[in-house]
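Open the model in your viewer and keep the selection panel at hand.

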Amino acid sequence: MKKMASKIWEAGEYRYEGAYGFEPELHGYLHKDSEIRPCLIVAPGGGYGALSPAEGEIVAMEFYERGYNAFVCVYTTNPLKRVPLKLQAVKDLSRSVRWVRSKAEELKVNSNQVAVCGFSAGGHLCASLCVHFADLPEENPVYASCSNRPDGAVLAYPVITTGELTHGGSVENLLGEDASQEELRYMSLEYQVTEHTPPCFLWHTRTDDSVPVENSYRMAEALREKGVPYALHIFSEGAHGLSLSNHKWASDEYGEPYTTLQSRIIMDKIVRGEISVTEEERIHVLGCIKISEGPKMPQPEVAVWPQVADAWLRKTMG
């Protein structure tokens, strides 16, 4: 296996005010042979305020072992809740898709088989790209000729709506406390599906008490109404954030913790006195750096989802 890490924005292109020195990255897991393979870009969750290590490398490696050349998108989040992300995170993912396609020959990736896979807020991010890809023009001519439309999306317990059944923290980090009704509607993705939206595979647990299962129901219904191919799998029970739900996940064997990069950069600046924060903000950023989630039990019923998603992706993307 060949591992790689790359910045996705070139000098002067990235200007998010709340980055504090962070720049988005793509971490890749590539086969060393010459076979041209499908690609999966993983977007961890974390409420748009952090990135979960449990939904990063461990997921990319699962699909690498299934024959994909896989990546993890370390996109922009809003740990201090000071600068709403607006479109920054989806711009990061949009550039990531274009970046992979621009280097498809070098990466041994089939440019017509580039899918995204997002968890929770990362699911909202992937679904946002699926419905708003045409609203994200590319100014850099190196990437402008490459489409940012994914060929498929896996949405794991995704945030979809910004309405009554949303995840409030995700919406606040994304749009701020004073979001307009127009912004809320734009990011309530069940209203934004068109016939051009890529096919989507959704899975959720019936008992999710953080992001209600109705989020996936609403997205599936919107896809159905527009004639977009989709699959919807609802598992009988399980909490939010189940990731792979296997023994590696239950043992906190997540892989490299690069998903915490932005939070670690911010914490270093807090410690050095370069950023003035409240005690509440400091504790929150510390929580974003935490790796272990404590004791968990594998959930065999849920753990089948990568196998099913793999079969669906291969059928859907050809």
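Start with patches: they are built from residues with over 30% relative accessible area and no salt bridge, joining like charges within 9 Å and nonpolar side chains (Val, Leu, Ile, Met, Phe, Trp, Tyr) within 5 Å. Areas come from the Shrake-Rupley method with a 1.4 Å probe, and for residues only the protein chains shown count as cover. A salt bridge puts a side-chain nitrogen of Lys or Arg within 4 Å of a carboxyl oxygen of Asp or Glu.

This is a predicted model: local features need pLDDT of at least 70, side-chain atom pairs count only at pLDDT 80 or more, and totals for chains, interfaces and linings use all residues. Residues are numbered from 1 along each chain as its sequence is written, and side-chain values use heavy atoms, with hydrogens and water left out.

**Stop 1: the surface patch**

Select Tyr217, Tyr230 and Leu232. They make a nonpolar surface patch of about 250 Å². Tyr230 sits in strand β8 (residues 230-235). Helices (H or I, at least four residues) and strands (E, at least two) are DSSP runs, numbered from the N terminus. Tyr230 has 32% relative accessibility, so it counts as partly exposed. Buried means under 20% relative accessible area, exposed over 50%, and partly exposed in between (1.4 Å probe, protein chains only).

**Stop 2: the whole chain**

Zoom out. The protein chain has twelve helices and eight strands. Its radius of gyration is 18 Å, close to the 20 Å that the globule rule gives for 318 residues, so the chain is as compact as a globular protein of that length. That radius is taken over C-alpha atoms, and the rule is 2.2 Å times the number of residues to the power 0.38. Of the 318 residues, 58% count as buried.

**Stop 3: the cores**

A nonpolar core is a set of buried Ala, Val, Leu, Ile, Met, Phe, Trp, Tyr and Cys residues joined through side-chain atoms within 4.5 Å. The largest one has 94 residues. Select Ile41, Phe71, Val100, Trp203, Met219, Trp305 and Leu313, which have the most contacts inside it. Helix α4 (residues 121-132) gives this core its largest share, seven residues. Another core, of six residues, lies apart from it; Ile266, Met267, Ile270 and Val285 are among them.

**Stop 4: helix α10**

Pick Lys269 in helix α10 (residues 261-271). Is Lys269 buried or exposed? At 19% relative accessibility, Lys269 counts as buried. Beyond its neighbours within four places in sequence, Lys269 is in contact (heavy atoms within 4.5 Å) with Tyr20, Gly21, Glu274 and Ile275. Cover for the buried residues of α10 includes β2 (25-30) and α11 (279-289). Just after α10, check Gly273: its phi is positive, about 80°.

**Stop 5: salt bridges**

The whole structure holds 18 salt bridges.

- Lys7 and Glu25: the closest N and O atoms are 3.0 Å apart. Lys7 is in strand β1 (residues 2-7) and Glu25 in strand β2, 18 residues apart. Glu25 is buried at 12% relative accessibility.
- Arg82 and Glu281: 2.9 Å, N to O. Arg82 lies in the loop between β4 (69-74) and α2 (88-102), and Glu281 in helix α11, 199 residues apart.
- Arg218 and Glu190: 3.9 Å, N to O. Arg218 is in helix α8 (residues 214-226) and Glu190 in the loop between α7 (181-186) and β7 (200-205), so the pair ties together parts 28 residues apart in sequence.

Finish on Glu13, Arg95, Arg98 and Glu138, which salt bridges with shared partners join into one network.
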